[in-house]
Amino acid sequence: MSGVQDVVIAGGVESMSQVPIGSSSLDGVKAGHGAPNGDNINRKYNNIVFSQFEGAEITAKTFGISRDEMDEFGYLSHVKAAKATNEGRFQNEIVTRA
């Protein structure tokens with residue numbers, strides 16, 4: 001909740017650049033990395049299919065947001081992030097890894 005915390009520490013790692021375009025989850029299974037939806041997930045969520053697309057649909061339905069409203073919000077978020085980046089607002093927060 002914005003404005004509630006005095007200090008927040010967050011971190012993340014992007015790793016999609018390590019996954020060849022066109023790869024499928026089956027490629028990961030064949031390489032010995034396991035299945036994306038194991039037995040525990042399937043038991044807990046009754047074999048629900050997880051995807052970004054399903055998540056967006058569930059979010060829209062839950063909060064009464066139209067597809068156009070969601071697309072507009074996403075677009076404006078990227079516009080604001082690009083503007084802030086170009087203005088140097090994230091200069092001390094983004095570290096490039098070589």
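**A helix and its surroundings**

Reply: Happy to start with α3, which is hardly covered: of its 12 residues, one counts as buried (under 20% relative accessible area; exposed is over 50%, partly exposed in between, with a 1.4 Å probe and protein chains only). This is a predicted model, where local features need pLDDT of at least 70 and side-chain atom pairs 80 or more, while totals for chains, interfaces and linings use all residues. Numbering starts from 1 along each chain as its sequence is written, and side-chain values use heavy atoms, without hydrogens and water.

The length of α3 agrees with expectation, because its 12 residues should span 16 Å at 1.5 Å a residue and its end C-alpha atoms are 16 Å apart (the expected span is 1.5 Å times one less than the number of residues). Just after α3, G64 has a positive phi of about 65 degrees.

An α-helix has 3.6 residues a turn, so residues three or four places apart point the same way. R67 and D71 form a salt bridge, with their closest N and O atoms 3.1 Å apart (a Lys or Arg side-chain nitrogen within 4 Å of an Asp or Glu carboxyl oxygen). R67 is exposed at 57% relative accessibility, whereas D71 is partly exposed at 39%.

The structure holds three salt bridges, and a network of them links K83, E87 and R89. E87 pairs with K83 at 2.7 Å between the closest N and O atoms, and with R89 also at 2.7 Å. E87 itself is partly exposed at 43%, and R89 is exposed at 57%.

Stepping back, the protein chain has four helices and zero strands (DSSP runs of H or I, at least four residues, or of E, at least two). Its radius of gyration is 18 Å, well over the 13 Å that the globule rule gives for 98 residues, so the chain is more spread out than a compact globule (taken over C-alpha atoms; the rule is 2.2 Å times the number of residues to the power 0.38). Of the 98 residues, 2% count as buried.
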